[in-house]
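I opened this structure to look up a few things and keep notes on them.

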Amino acid sequence: MNRFVARLALDFYRPLQRPDPCRRRHRGNLLSSLANVDNLPRREQQLNRVLGFIRERGLFGATNYEIHQALGLPYTTVSARTADLKAMNAIGRCELRRPTPTGSMAAALVIKELA
């Protein structure tokens, strides 16, 4: 798709677009902006699946990696949806930390009332 057509598509979908939580990171990169628009139909279902899984885990919570493994969603999708849920004040970090596959420690996420 050439840049002109891509810009037209982005302008057409802009009214439907929720604020892109990663816009600051990708600085308005055209392909990233289009990816955000493309994901709109799936976003609500992804949010509900991620939130439901975290809720099921209770006080034990879940790390992004654990959510990725359990739900079969790409890790980047899980990271984006947990960032959305944090911004909505629906989830927060708890005191628990668990190792990731790389060996670093990750904070567990819980429903905000439990954080």
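**Entry 1: ground rules.** I noted that this is a predicted model, in which local features need pLDDT of at least 70, side-chain atom pairs count only at pLDDT 80 or more, and totals for chains, interfaces and linings use all residues. Residues are numbered from 1 along each chain as its sequence is written, and side-chain values use heavy atoms, with hydrogens and water left out.

**Entry 2: whole chain.** I looked up the secondary structure and found five helices and two strands in the protein chain. Helices (H or I, at least four residues) and strands (E, at least two) are DSSP runs, numbered from the N terminus. Their order from the N terminus is α-α-α-α-α-β-β. Of the 115 residues, 39% are buried; buried means under 20% relative accessible area, exposed over 50%, and partly exposed in between (1.4 Å probe, protein chains only). The chain exposes about 7,600 Å², and carbon and sulfur atoms supply 55% of that. Accessible areas come from the Shrake-Rupley method with a 1.4 Å probe, and for residues only the protein chains shown count as cover. I also looked up contacts, where contact means heavy atoms within 4.5 Å. Among contacts with a separation of 6 or more, 44% join residues 24 or more positions apart.

**Entry 3: H3 against H5.** Two packed helices are described by the angle between their axes and the distance between the axes. Helix H3 (residues 30-57) packs on helix H5 (residues 75-87) at an angle of about 75 degrees, with the axes 10 Å apart. Axes are lines fitted to C-alpha atoms, for helices over the stretch in contact, and angles run from 0 to 180 degrees between N-to-C directions. H3 and H5 are therefore roughly perpendicular; the classes are roughly parallel under 35 degrees, roughly antiparallel over 145, roughly perpendicular from 65 to 115, and oblique for the rest. H3 brings Asn39, Arg43, Gln46, Leu47, Val50 and Leu51 to the contact, and H5 brings Thr77, Arg81, Thr82, Asp84 and Leu85. By class, the residues of this contact are four nonpolar, four polar and three charged. Ala, Val, Leu, Ile, Met, Phe, Trp, Tyr, Cys and Pro count as nonpolar, Asp, Glu, Lys and Arg as charged, and the others, Gly among them, as polar.

**Entry 4: two residues of that contact.** Is Asn39 buried or exposed? I found Asn39 buried, with a relative accessible area of 12%. Not counting residues up to four places away in sequence, Asn39 touches Gln46 and Arg81. Asp84, in H5, is buried as well, with a relative accessible area of 9%. Asp84 and Arg43 are 41 residues apart in sequence, and their C-alpha atoms are 9.8 Å apart in space.

**Entry 5: H3 against H4.** H3 also packs on helix H4 (residues 64-71), at about 110 degrees and with the axes 11 Å apart. H3 and H4 are therefore roughly perpendicular to each other. Arg49, Val50, Phe53, Ile54 and Arg57 of H3 meet Glu66, Ile67, Ala70 and Leu71 of H4. This contact has six nonpolar, no polar and three charged residues.

**Entry 6: the strands.** Strand S1 (residues 91-99) and strand S2 (residues 105-111) pair in the antiparallel sense over six bridges; two strands pair if DSSP finds at least two bridges between them. Ile91 stands opposite Ile111 in S2. The hairpin has five residues between the strands, and Gly103 takes a positive phi near 95 degrees in it. Six of the seven residues of S2 are buried, so S2 is largely enclosed by the rest of the structure.

**Entry 7: two loop residues.** Asn89 lies in the loop between H5 and S1. Asn89 is not a glycine, yet it has a positive phi of about 65 degrees. Phe60 lies in the loop between H3 and H4 and counts as partly exposed at 44% relative accessibility. Which residues does Phe60 contact, leaving aside its neighbours within four places in sequence? I listed Leu96, Arg98 and Ala108. The C-alpha atoms of Phe60 and Leu109 are separated by 8.4 Å, and the two residues are 49 residues apart along the chain.
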